[in-house]
Amino acid sequence: MELSGDDIFTQFLKDEGVEYIFGYPGGAVLHIYDALFRQDAVKHILVRHEQGATHAADGYARSTGKPGVVLVTSGPGATNAVTGIATAYLDSIPLVVITGQVTSAFIGSDAFQEVDSVGITRPCVKHNFLVKDVKDLAVTLKKAFYVATTGRPGPVVVDIPKDITDPNIKIPYEYPASIELRSYKPVVEVQAPQIETAVDALLSAKRPMIYSGGGSVLSNASNELRTFTRQLGYPITQTLMGLGAYPDPDPLNVGMLGMHGTYEANMAMHDCDVLFAVGARFDDRVTGDLEQFCPNAKVIHIDIDPASISKNVHVDIPIIGDVKQVLVELSNAITASKREPDAKALKSWWKQIKEWSSKDCLRYDRNSALIKPQFVLEKLYEVTGGDAFVTSDVGQHQMFTAQFYKFDEPRRWINSGGLGTMGFGLPAAIGTQLGNPDATVACVTGEASIQMCIQELATAFQYSTPIKVINLNNRYMGMVRQWQEFFYESRYSQSYVEALPDFVKLAEAYGHVGMQIEKPEDVEGALKEAFAMKDRLVFMDFITDQKENVYPMIAAGKGHHEMHERELA
Amino acid sequence: MQHIISLLMENESGALSRVAGLFSARGYNIESLTVAPTEDETLSRMTIVTSGSNEIIEQINKQLDKLIDVVKLIDITANGEHIERELMLIKVQADTSEKREEVKRQADIFKGRILDVTDTTYIIELTGEGSKLDGFIKAMDTKDILETVRSGATGITRGETCLKL
Ligand SMILES: Cc1ncc(C[n+]2csc(CCOP(=O)(O)OP(=O)(O)O)c2C)c(N)n1
Ligand SMILES: [Mg+2]
């Protein structure tokens with residue numbers, strides 16, 4: 001088949017099985033847009049800002065496990081996409097981002113809409129490419145998908161100069177069905193001796209703790225994690241990125257750990273003697289002060305990325321490999337060993353954990369005359385039957401959602417954990433809804449975050465994505481305000497969100513349904529009403545308690561046992 | 001501790017900036033970095049001299065290995081016996097007969113070669129380990145040193161261990 005570069009591009013996406021491409025046109029990609037016009041295999045989703053395209057593709061990827069695909073023009077198109085690329089990078093999400101580039105002959109001349117996209121994105125991609133010859137186009141795209149989706153996933157940028165997609169230059173095209181890179185070997189053999197050592201450490205534990213992260217979700221290891229954890233009967237805690245891989249509620253699940261984790265999870269981390277880390281990366285929001293992190297624990301760590309091992313915390317037993325595969329091997333090895341966990345030690349460990357749990361660290365004032373954000377989330381959980389995909393933005397509402405919406409399946413909780421990107425929630429919800437057309441999708445946001453990508457309400461209208469936006473409107477950049485209250489003697493510098501729009505009217509202006517809810521007693525009814533509107537986006541503006549804080553909290557740089565707790569009258 | 005890390009990478013444009021970018025982004029030390037083509041024209045070989053605690057060196061090795069363009073890597077220092085060489089060209093003031101004699105004498109001791117002579121200057125070529133080159137510089141009178149240029153270290157493991165595909 002003889003094709004020109006622009007058609008190779010669309011034909012390749014079709015052959016690769018790409019369903020959606022999230023993008024925004026411009027000069028450098030006009031040939032490609034013309035080719036998109038001529039086909040209907042790949043559906044283009046027109047966003048309203050390139051950041052929205054990357055987040056939407058990201059939400060699609062997180063919720064489906066398939067790579068998200070983005071197309072933007074050169075210069076400002078590419079720079080607008082950078083935030084979303086970095087967001088995906090920090091959470092290891094597979095994206096293929098195609099940036100148009102000025103014509104090859106102009107590169108380096110400060111041409112109109114020229115930026116060094118490869119240079120700008122280099123520190124926040126898994127890899128990037130500049131296509132120099134149309135003959136390399138298909139293979140380079142294949143490499144991009146391969147690199148993005150294998151090993152530890154991540155975003156890959158392919159920068160395509162305009163002349164590469166010239167409709168007048170035709171070359172033979174054949175879909176490169178598979179590819180090998182001599183410099184990149186993502187498949188690793190698990191070392192048998194490591195499995196043995198790990199099993200011995202696990203079964204010798206008196207106070208074991210399983211700490212599971214986003215890697216368990218990325219590796220689709222949810223079933224294996226459940227089998228493994230239940231086989232041992234050990235307590236498990238999950239990171240913000242890992243929620244749902246192991247179900248909540250569940251007797252072995254002690255909740256999220258870290259800065260806003262539960263008291264029992266953090267105390268158990270601090271006191272454990274064997275820490276079994278699965279697909280987690282010992283992020284500072286999880287570990288707190290490294291000097292005081294799990295001071296008495298032998299650390300076992302499974303990760304597909306060798307560079308994650310012993311990066312922040314010294315690991316005694318590293319196991320490099322795919323989480324899913326390693327968990328299967330460990331489960332088999334435990335069974336084969338004919339050994340049992342130390343029942344007596346485990347019993348007293350659980351007794352201790354139950355004691356910590358009895359503190360009820362997530363309690364809040366249920367009699368408040370103001371709407372408490374926690375209450376909205378509890379009701380959201382009830383009304384959706386715990387069965388929704390929930391995206392979030394960044395701030396207190398994000399932490400409340402992680403604490404109060406119980407995820408019992410992986411890929412349901414979609415948030416920017418690593419980069420903490422405000423503006424993520426709404427476009428991510430659009431991508432999630434497109435990837436899961438029959439599912440219920442909620443976007444929990446704050447009045448500050450939502451305004452960072454509010455323009456995507458138009459995209460949601462165009463593609464009829466019936467998302468339910470839960471705006472926890474506290475008229476503050478709540479998370480900033482909380483830090484200012486705790487660490488800056490309540491000097492609320494620039495954290496008050498003034499001149500807020502009328503969100504109901506705003507939603508209506510974009511063609512959606514808007515609601516404002518001011519009283520606790522109206523919360524449940526409003527949610528029911530909104531979720532009953534199956535084919536409409538409903539923007540729910542909940543006027544919440546302005547000064548609510550997220551508890552428990554470990555201040556940055558403190559140990560797991562040094563939590564701030566809520567004091568209730 | 002100082003480590004010499006050698007790597008083979010795809011001879012692609014931008015490969016060098018990935019390595020340099022990694023070091024600056026993660027705050028690792030680079031003492032020197034050299035890169036040149038190999039007998040296989042698809043590969044270039046890079047030698048990096050860096051320093052840090054054992055943990056940091058381990059991370060540097062892993063992070064380098066993780067770069068998609070890096071085909072193979074070896075920590076020459078950690079691998080035991082190896083040969084390290086660096087080239088230095090140094091231009092010194094040699095405008096009196098005493099100075100010329102002294103420079104010549106030192107060059108002989110350090111097994112250097114005099115490459116260029118003018119009425120007032122000498123250029124000496126020296127190869128060896130970095131410490132030897134440092135030694136030569138120390139042996140010269142600072143105010144007589146007009147210019148020095150060093151290649152940065154390169155290295156190779158002794159015996160059968162090789163960095164090749
Ligand atoms: C793009 C971006 N800018 C700034 C921040 C810093 N930041 C973190 S949370 C937050 C406030 C968020 O306010 P809001 O969306 O109202 O959520 P709330 O905390 O009130 O629930 C800010 C400014 C960020 N995470 N992302
Ligand atoms: Mg707010």
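Pro249(A) sits in the loop between β10 (236-238) and β11 (253-256) of chain A. Helices and strands here are DSSP runs, H or I of at least four residues for helices and E of at least two for strands, numbered from the N terminus. The peptide bond leading from Asp248(A) into Pro249(A) is cis, with omega near 0°.

Before going on, the ground rules. This is a predicted model, in which local features need pLDDT of at least 70 and side-chain atom pairs count only at pLDDT 80 or more, while totals for chains, interfaces and linings use all residues. Residues are numbered from 1 along each chain as its sequence is written, chains are lettered from A and ligands numbered from 1 in the order in which they are written, and side-chain values use heavy atoms, with hydrogens and water left out.

Back to the backbone of chain A. Another cis peptide bond joins Tyr551(A) and Pro552(A), with omega about -10°. Pro552(A) lies in the segment after β20 (538-543) of chain A.

Then there is Ser92(A), which is not a glycine but has a positive phi of about 55°. Where is Ser92(A) found? Ser92(A) is in the loop between α4 (76-90) and β5 (95-101) of chain A.

Asp91(A) is in the loop between α4 and β5 as well. The side chain of Asp91(A) forms a salt bridge with that of Arg62(A), at 3.0 Å from N to O. By salt bridge I mean a side-chain nitrogen of Lys or Arg within 4 Å of a carboxyl oxygen of Asp or Glu. Arg62(A) belongs to helix α3 (residues 50-64) of chain A, so defined by its DSSP run, and the pair links distant parts of the chain, 29 residues apart. Over all chains, a search of the whole structure finds 41 salt bridges.

Next, the ligand. There are 17 residues around ligand 1, and those that come nearest are Gln396(A), His397(A), Gly420(A), Ser449(A) and Gly478(A). A residue counts as near if one of its heavy atoms lies within 4 Å. For Gln396(A), a backbone N or O atom lies 2.8 Å from an oxygen atom of ligand 1. A polar backbone atom of Met479(A) is 2.9 Å from an oxygen atom of the ligand, and for Ala448(A) the corresponding distance is 3.2 Å. These are polar contacts, meaning a pair of N or O atoms within 3.5 Å; within protein, one must be able to donate a hydrogen and the other to accept it, and residues adjacent in sequence count only if both atoms are side-chain atoms.

Now chain B. Chain B has four helices and nine strands, in the order β-α-β-β-α-β-β-α-β-β-α-β-β along the sequence. Taken along the principal axes, its C-alpha atoms fill a box of roughly 55 × 35 × 35 Å.

Chain B is divided into domain 1 (2-75) and domain 2 (83-154), with bounds from an automatic or database domain assignment. The C-alpha centres of the two domains lie 29 Å apart. Five residues from each domain take part in the contact, where contact means heavy atoms within 4.5 Å.

How much area is buried between the two domains of chain B? About 360 Å², with carbon and sulfur atoms giving 65%. Buried area is the accessible area, with a 1.4 Å probe, that two parts lose on being put together, summed over both. On the domain 1 side, Ile4(B), Thr34(B) and Thr47(B) supply 71% of the area buried against domain 2, more than any other three residues. Between the domains there are zero salt bridges and one residue pair in polar contact, both at pLDDT 80 or more. β2 (32-37) and β3 (43-51) of chain B each supply at least two residues of the domain 1 side. That side divides into two nonpolar, three polar and no charged residues. In this scheme Ala, Val, Leu, Ile, Met, Phe, Trp, Tyr, Cys and Pro are nonpolar, Asp, Glu, Lys and Arg are charged, and the others, Gly among them, are polar.

Last, chain B against chain A. The contact takes 19 residues from chain B and 18 residues from chain A. The buried area is about 1,500 Å², of which carbon and sulfur atoms give 47%. Arg18(B), Lys62(B) and Ile68(B) supply 43% of what chain B buries here, more than any other three residues. The count is two salt bridges; one of them pairs Asp305(A) with Lys66(B) at 2.6 Å, N to O. On the chain B side, α1 (15-25), α2 (54-66) and β4 (70-75) each supply at least two residues, and the largest share, five residues, comes from α2(B). The residues of that side are five nonpolar, six polar and eight charged.
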